[in-house]
Amino acid sequence: MVISLKNIFTDAGNVTLFTARFFKEVFRPPFEIKEFIRQCYMIGYKSLPLVGITGFIMGLVLTLQSRPTLAEFGAESWLPGMVALSLIREIAPVITALICAGKISSGIGAELGSMKVTEQIDAMEVSAINPYKYLVITRIMATTLMVPLLVVFADGVGILGGFVGINIHADVSLFRYFSQVLSSLEFLDIIPATIKTFFFGFFIGMIGCYKGFPAANGTESVGKAANSAVVAASLTIFIIDMLAVQITDLFF
Amino acid sequence: MIQAETTIKKGIGAYSTAPVINIKGLYKSFGEHDDVLKGVDLSVKKGENLVVLGKSGSGKSITIKCLVGLVKADKGEIKVFDTDITALNTNQLNAIRIRIGFLFQNSALYDSMTVRQNLEFPLKRHSKKLSSKDVEDAVTEALESVGLSEAIDKMPSELSGGMRKRIGLARTLILKPEIMLYDEPTTGLDTITSREISELILAIQKKSKTSSIIITHDMACAKLTGDRLVILKDGVIEAEGSYATLEKSNDDWVRSFFI
């Protein structure tokens with residue numbers, strides 16, 4: 001019990017130091033622009049199909065599942081607005097972030113873990129290159145920027161999925177559907193939901209890097225780094241979501 | 001400690017007596033009951049190849065990792081180019097690190113980069129004024145020096161163990177180091193490739209006048225490359241001398257390395 005408590009506090013201390021190092025080094029040159037762009041491509045562009053398919057299915061399923069209940073009250077016309085609101089405020093950010101936690105955070109954890117095990121990180125250090133700057137800062141910056149963009153993409157595709165879902169049972173034109181969607185949305189629905197996605201992105205990158213970068217020697221630690229990155233990132237997403245919703249509720 | 005006379009090998013060339021590496025009383029432990037180094041004293045003269053022998057876990061790799069600041073020593077003085085590196089901050093340490101080449105046991109090539117990118121990676125970061133032609137020339141020269149010009153656009157996964165070692169060597173040589181640290185350069189290689197790598201180490205010493213520490217279990221490599229040998233036992237230097245003298249040592253344990 002004492003040992004486990006000690007481990008929790010040690011871990012919390014290490015995460016804090018790791019995060020503090022990020023803010024200390026992120027504004028200092030040299031800036032690894034090329035690697036940052038490469039990471040944006042790997043993290044953002046390569047996740048598009050997965051996020052797109054998931055977003056489309058979420059929109060479609062949400063529409064199909066909600067339709068019978070709304071139909072009972074004769075409120076089918078609310079369906080586009082309800083689907084769009086649910087997707088933009090909650091479902092698309094959280095589901096996209098969870099997918100990214102599974103794909104990106106574990107990928108970063110495993111990649112950096114294996115680089116540590118095969119002494120590639122040490123090789124950078126002995127050739128007087130800052131591996132934290134090259135490997136960690138670029139990845140965290142890329143996830144912080146790309147996850148919000150992926151969420152916006154998932155919002156769009158999800159709303160399109162809703163359109164397909166509605167047209168299975170009814171005949172609604174695309175123009176009419178989007179008019180209803182846009183009329184039900186306000187900036188207050190979009191802005192807080194978008195702000196929280198930056199935090200999702202930051203922590204997805206941060207946790208992946210934190211778990212992988214100091215991995216111990218041995219291939220077992222690579223698996224552990226990948227696994228614990230997914231678990232910790234997923235949990236963090238729910239905690240951030242809870243806090244974000246509470247804060248939004250307080251102010252708006 | 002068993003002392004033996006140090007000799008200079010024929011054909012390698014004389015080296016200066018001033019040490020470029022001087023380690024005194026180096027201690028390192030991992031936890032309370034895991035003392036790895038218990039007062040290592042070591043020096044390497046300019047242009048000299050020092051071979052470090054010892055059983056697995058005797059602290060050979062930790063010693064050279066302390067030398068480049070990868071592992072922080074608990075106690076002791078580590079002087080490189082007459083500067084105690086234990087007292088330096090990261091920037092000062094990096095200025096020393098640029099002058100040291102380190103060949104890792106598994107070569108440590110960057111998996112996500114081609115051979116060309118592996119070689120360009122340290123060069124572009126430390127020589128920002130170089131034109132792309134200068135970089136290209138330096139890469140070509142480094143690859144030619146290890147005899148692997150044809151591998152320039154290959155990925156590390158496409159290379160054999162021996163080729164990976166050579167590319168690892170080329171990557172360290174591109175920064176023109178004054179000191180080379182080799183961590184088991186021939187481990188896992190066949191006899192012929194091991195000999196080729198050992199000859200390459202000698203050629204680098206001859207061409208670039210580097211001082212080197214070579215950690216090895218390969219006695220053929222030790223015989224070919226070493227101007228002087230030291231043997232580590234339980235975290236201290238147990239014996240020191242040339243290959244010929246240590247081979248004829250009166251101590252059975254020392255002689256057991258040469259059987």
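Q: What makes up chain B, in terms of domains?
A: Chain B is divided into domain 1 (47–97 + 178–259) and domain 2 (111–177). These bounds come from an automatic or database domain assignment. The model is predicted: local features need pLDDT of at least 70, side-chain atom pairs count only at pLDDT 80 or more, and totals for chains, interfaces and linings use all residues. Residues are numbered from 1 along each chain as its sequence is written, while chains are lettered from A and ligands numbered from 1 in the order in which they are written.

Q: How do you know that domain 1 and domain 2 of chain B are in contact?
A: Contact has a cut-off: the C-beta atoms of two residues, placed from the backbone, must lie within 7 Å. By this rule, 13 residues of domain 1 of chain B are in contact with 9 residues of domain 2 of chain B. On the domain 1 side, E8 and helix H6 (191–208) of chain B each give two or more residues. H6(B) gives the most, with 6 residues. The domain centres, taken over C-alpha atoms, are separated by 24 Å.

Q: Why is Ile167(B) called buried?
A: A buried residue has 20 or more other C-beta atoms within 10 Å of its own; 12 or fewer makes a residue exposed, and anything in between partly exposed, with C-beta atoms placed from the backbone. Ile167(B) has 23 C-beta neighbours inside 10 Å, so it counts as buried.

Q: Where is Ile167(B), and what does it touch?
A: Ile167(B) is in helix H5 (residues 161–173) of chain B. Helices (H or I, at least four residues) and strands (E, at least two) are DSSP runs, numbered from the N terminus. Leaving out residues up to four places away in sequence, Ile167(B) touches Ser107(B), Leu109(B), Val115(B), Asn118(B), Leu148(B), Ala151(B) and Leu159(B). Arg116(B) is 51 residues away along the chain, yet its C-alpha atom and that of Ile167(B) are separated by 9.6 Å.

Q: Why is strand E9 of chain B said to be largely enclosed?
A: Strand E9 (residues 211–215) of chain B has 5 of 5 residues buried, so the rest of the structure largely encloses it. Ser211(B), Ile213(B) and Ile215(B) point one way, Ser212(B) and Ile214(B) the other. In a regular strand the side chains alternate between the two faces of the sheet.

Q: How do you know that E8(B) and E9(B) pair?
A: Two strands pair if DSSP finds at least two bridges between them. Strand E8 (residues 179–183) of chain B and E9(B) have 5 bridges, in the parallel sense. Ile179(B) stands opposite Ser211(B) in E9(B). Strand E4 (residues 49–54) of chain B also pairs with E9(B) in the parallel sense, over 4 bridges. There, Val52(B) has Ile215(B) as its bridge partner.

Q: What makes both faces of E8(B) covered?
A: Ile179(B), Leu181(B) and Asp183(B) are buried on one side, and Met180(B) and Tyr182(B) are buried on the other. Strand E7 (residues 100–103) of chain B pairs with E8(B) in the parallel sense over 4 bridges. Leu103(B) stands opposite Tyr182(B) in E8(B).

Q: Which strands are the edge strands of the open sheet in chain B, and what makes them so?
A: The sheet has 4 strands in the order E3-E2-E5-E6 (chain B), with antiparallel pairing. Strand E3 (35–45) and strand E6 (83–84) of chain B each pair on one side only, and are the edge strands. Strand E2 (residues 19–29) of chain B pairs with E3(B) over 8 bridges. Asn22(B) stands opposite Ser43(B) in E3(B).

Q: What makes a nonpolar core, and which residues touch the most other members of the largest one?
A: Such a core is a set of buried Ala, Val, Leu, Ile, Met, Phe, Trp, Tyr and Cys residues joined through C-beta atoms within 7 Å. The largest has 131 residues, and Ile204(A), Ala233(A), Ala170(B) and Leu181(B) touch the most other members. Helix H4 (residues 79–117) of chain A gives the largest share, 17 residues. Each domain of chain B supplies at least three residues. In soluble globular proteins, nonpolar side chains tend to be buried together.
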